[in-house]
Amino acid sequence: MAGVTKDQISSISTLIKKKNIRIVDFKFNDLPGLWQHFSIPASELVKDADPHAGIWAEGIGFDGSSIRGFQKIQESDMILHPDASTAVADPVCEVPTLSIICNVFDPVTKVAYTRDPRYIAQKAEQYLKATGIADESFWGPEYEFFLFDDVRYSQTVNQGFYSVDSVEGIWNSGRDEQPNLGYKPRHKEGYFPVPPHDSLQDVRSHIINKMIETGIPVEVHHHEVATAGQNEIDMRYSPLVKMADNCMMYKYIVKNMALQFGMVATFMPKPLFGDNGSGMHTHQSIWKNGKNLFFDAKGYGMISQTAKHYIGGLLKHANALMAFCAPSTNSYKRLVPGYEAPVNLVYSLRNRSAAVRIPMYSENPKSKRIEFRPPDPMCNPYLSFSALLMAGIDGVKKKIDPGQPFEGNTYELESKAAKKIPTVPGSLEQAIDALEADHKFLLEGGVFTPDVIDVWIEYKRAEIDAIRLRPHPWEFHLYFDM
């Protein structure tokens with residue numbers, strides 16, 4: 001990884017003085033995808049002005065055994081090396097704070113840690129260049145999330161329940177709110193009436209202003225389809241690692257701004273039964289020498305043969321990809337027909353029932369891309385984007401044919417025809433089984449390593465078992481009186 005320069009250190013010192021920074025917060029990603037952090041006084045960073053000494057050269061130690069998916073207790077010492085290019089004034093802390101994203105290193109070997117998700121993403125970018133296929137990839141995820149006013153859940157030996165609530169929830173249309181003013185979006189009608197139906201307009205505007213402060217380019221925000229506070233904020237496309245960094249800051253800002261408004265944000269894909277879940281449709285393209293390799297004015301949907309082969313790689317490896325792109329048991333409660341969820345492994349232009357959609361909003365060669373729709377916002381973006389890129393590269397290298405595009409609504413097919421169309425896995429267990437059987441393409445170039453695959457499978461199987469062992473509330477409805 002590139003080292004820090006004197007100019008970067010000077011720019012950080014200037015920012016610290018300008019913003020009256022008191023604290024420096026070092027952030028890094030655990031394997032499942034949650035930011036971890038610790039902080040030091042800003043004075044400790046300022047005094048290290050030499051890029052070959054102090055924090056910049058030696059890093060900062062932490063206990064890797066306490067981080068999910070990282071080290072065992074007997075090998076717990078790990079080192080963080082801050083990436084100076086990510087330094088930005090923290091957008092939500094009351095005490096002026098500088099936020100810096102870090103990479104994880106082994107203190108003994110002095111090499112980057114194989115299970116650091118950010119390092120995996122950096123290797124994916126390097127591998128793309130090494131293949132000679134392209135020199136850059138661009139990513140544009142569409143994050144959806146819910147803002148609730150209250151959440152309660154518990155699982156003990158004798159009970160298990162959850163309860164989420166929102167003043168927007170249609171189930172509150174008859175509640176005495178002294179007064180109840182109505183304007184509660186009906187199921188599947190949240191997309192997207194103006195206020196007062198959309199009660200979260202100003203909340204989202206405050207959120208995107210914080211995002212813009214950190215340098216995240218925001219394109220649009222709006223209410224989403226579901227009742228009870230489902231939202232979407234879209235970022236302008238960026239290179240892979242930069243976009244994954246932006247995704248982490250995005251979630252950090254959404255959660256903390258929600259807290260400031262007395263709300264709670266969740267990126268859980270299916271928190272409500274009977275209404276749409278939250279997805280993370282992922283737009284992607286690969287470029288070489290400033291040219292978009294996915295564009296061909298004469299091709300189907302104006303995409304090139306390279307783009308088709310890339311799609312072929314996504315569809316071939318889709319079941320394994322879902323282990324990273326839809327990585328929770330809850331993910332597969334979203335991936336069912338009838339809620340705009342793309343369960344069918346076909347490609348098409350404009351068709352939102354297909355797993356791969358070719359957007360047709362513009363004829364500009366720079367905007368041509370493909371959209372992989374099954375991922376959800378529970379994913380670790382570093383891992384998800386990297387896995388998708390590796391599948392796409394595999395498709396291009398092997399010239400994998402994606403077959404013919406599908407133009408119809410796959411949800412309206414007769415059952416006999418529908419059975420002929422391959423679908424995403426029906427459960428996390430099936431996705432993990434698929435990853436176990438099909439991950440060689442991820443190991444190319446050392447991007448993913450066997451230990452990462454093994455620990456991911458082990459970690460997710462433990463989640464599956466934890467859900468399997470516990471009685472579900474609906475089981476009492478079905479069986480208690482039998």
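Which residues form a nonpolar patch on the surface? The patch consists of Val-151, Tyr-153, Tyr-162, Val-264 and Phe-273, which together have about 620 Å² of accessible area. This is a predicted model, in which local features need pLDDT of at least 70 and side-chain atom pairs count only at pLDDT 80 or more, while totals for chains, interfaces and linings use all residues. Residues are numbered from 1 along each chain as its sequence is written, and side-chain values use heavy atoms, with hydrogens and water left out.

**Surface patch**

- Patches are made of residues with over 30% relative accessible area and no salt bridge, with like charges joined within 9 Å and nonpolar side chains (Val, Leu, Ile, Met, Phe, Trp, Tyr) within 5 Å.
- Accessible areas come from the Shrake-Rupley method with a 1.4 Å probe, and for residues only the protein chains shown count as cover.
- Val-264, one of the patch residues, lies in strand E13, which covers residues 264-266; helices (H or I, at least four residues) and strands (E, at least two) are DSSP runs, numbered from the N terminus.
- Val-264 counts as partly exposed because its relative accessibility is 31%; buried means under 20% relative accessible area, exposed over 50%, and partly exposed in between (1.4 Å probe, protein chains only).

**Salt bridges**

- The whole structure holds 22 salt bridges, a salt bridge being a side-chain nitrogen of Lys or Arg within 4 Å of a carboxyl oxygen of Asp or Glu.
- One of them pairs the side chains of Asp-90 and Lys-27, at 3.1 Å from N to O. This pair links distant parts of the chain, 63 residues apart: Asp-90 is in the loop between strand E5 (88-89) and E6, and Lys-27 is in strand E1 (residues 23-29). Both Asp-90 and Lys-27 are buried.
- Arg-461 forms a salt bridge with Glu-436, with 2.9 Å between the closest N and O atoms. Arg-461 belongs to helix H14 (residues 450-469) and Glu-436 to helix H12 (residues 428-437), so this bridge ties together parts that are 25 residues apart in sequence.
- Arg-461 counts as partly exposed because its relative accessibility is 23%, and Glu-436 is likewise partly exposed, at 44%.

**Arg-115 and its surroundings**

- Arg-115 sits in the loop between strand E6 (97-105) and helix H4 (117-131). Its relative accessibility is 16%, so Arg-115 counts as buried.
- Not counting residues up to four places away in sequence, Arg-115 touches Leu-31, Gly-69, Phe-70, Asp-451, Val-452 and Val-455; contact means heavy atoms within 4.5 Å.
- The side chains of Arg-115 and Asp-451 are joined by a polar contact of 3.1 Å. A polar contact is a pair of N or O atoms within 3.5 Å; within protein, one must be able to donate a hydrogen and the other to accept it, and residues adjacent in sequence count only if both atoms are side-chain atoms.
- The side chain of Arg-115 also reaches the backbone oxygen of Phe-70, at 2.8 Å.
- Arg-115 and Gln-71 are 44 residues apart in sequence, and their C-alpha atoms are 9.2 Å apart in space.

- Asn-246 is placed in helix H6 (residues 240-260) and counts as buried because its relative accessibility is 5%.
- Leaving aside neighbours within four places in sequence, Asn-246 is in contact with Ile-216, Pro-217, Met-235 and Ser-238.
- Leu-293 is found in the loop between strand E15 (291-292) and helix H7 (305-316). Its contacts, not counting residues up to four places away in sequence, include Ile-133, Ala-134, Trp-287 and Thr-306.
- A separation of 9.0 Å lies between the C-alpha atoms of Leu-293 and Lys-368, which are 75 residues apart along the chain.

**Cysteines**

- With a disulfide defined as a pair of cysteine sulfur atoms within 2.5 Å, the count of disulfides is zero.
- Cys-247 is in no disulfide, and the nearest cysteine sulfur, that of Cys-379, is 7.6 Å away. Cys-247 counts as buried because its relative accessibility is 0%.
- Cys-325 is in no disulfide either, the nearest cysteine sulfur being that of Cys-379 at 6.3 Å. Cys-325 has a relative accessible area of 0% and is therefore buried.
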